[in-house]
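Have the structure open as you read.

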Amino acid sequence: MDRKRIEDGVREIIGGVGEDPARPGLQRTPARVRRAYEEMLSGYEVDVKKLINGALYEIEHNDMVVVSEIEFYSLCEHHMLPFFGSAYIAYIPNGWVIGLSKIPRMVDVFTHRLQLQERMTGQIADCIMETIHPQGVAVVTSGQHLCSMMRGVKKNKIRLVSSCMRGVFEKDEELQARFFSQIRLP
Ligand SMILES: [Zn+2]
């Protein structure tokens, strides 16, 4: 990341809204914002394959695995404002399962970018297909967007629910129903 460019940009915004970037309370704001962005947008440079390296375990029974309520925080690419919520993931293994802690970390890789919730949901599903090679995967995300809460329509209770089905989940409605019966969307 280009630290100087980010800090210069933040200083421009502060000046642009009519504030004084040199006043004591704002002097160190560009650096603080830059550090926050470095953390919130850290998903670009992560090698997902490396991340799950060594965390695949062989299993005998290929029963559905459901990981529920994976908290996420992301930034919408339209307003660079946060959207946040939970992700729900199910997959039907193909002889292998992945360590539980790796799935939330995989989610973080795609949420820590400038995103559209719908695209992010698909990217998570595709990533699981490509790394674990399960028979199928289902991903549902439910998110609240500050850009529609603080501004625009100002509707605080709107949640965007996005889903993505891959492999055996794509056409098997019974399987989809089993997944939805096991999760409780807010
Ligand atoms: Zn937005």
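The zinc ion is held by three donors, C76 (SG), H79 (ND1) and C147 (SG), at 2.2 to 2.3 Å. Donors here are N, O and S atoms within 2.8 Å of the metal (3.2 Å for Na, K and Ca), and since water is not among the atoms, sites may look incomplete. Along the sequence, the spacing of these residues reads C-x2-H-x67-C. C76 sits in strand β2 and C147 in helix α7 (residues 146–149), so the pair ties together parts that are 71 residues apart in sequence. Both C76 and C147 are buried, where buried means under 20% relative accessible area, exposed over 50% and partly exposed in between, using a 1.4 Å probe and protein chains only.

A word on the ground rules: this is a predicted model, in which local features need pLDDT of at least 70 and side-chain atom pairs count only at pLDDT 80 or more, while totals for chains, interfaces and linings use all residues. Residues are numbered from 1 along each chain as its sequence is written, and side-chain values use heavy atoms, with hydrogens and water left out.

From C76, follow the strands. Helices (H or I, at least four residues) and strands (E, at least two) are DSSP runs, numbered from the N terminus, and two strands pair if DSSP finds at least two bridges between them. Strand β2 (residues 65–76) runs antiparallel to β3 over nine bridges, with I70 finding its bridge partner in A87 of β3. The two strands form a hairpin with five residues between them, and M80 in that turn has a positive phi of about 55 degrees.

What lies beyond β3? Nine of the eleven residues of β3 (residues 82–92) are buried, so the strand is largely enclosed by the rest of the structure.

Stay on β6 for a moment to find T141. With 0% relative accessibility, T141 counts as buried. Its side chain makes a polar contact with the side chain of Q117 at 2.9 Å; such a contact is a pair of N or O atoms within 3.5 Å, and within protein one must be able to donate a hydrogen and the other to accept it, with residues adjacent in sequence counting only if both atoms are side-chain atoms.
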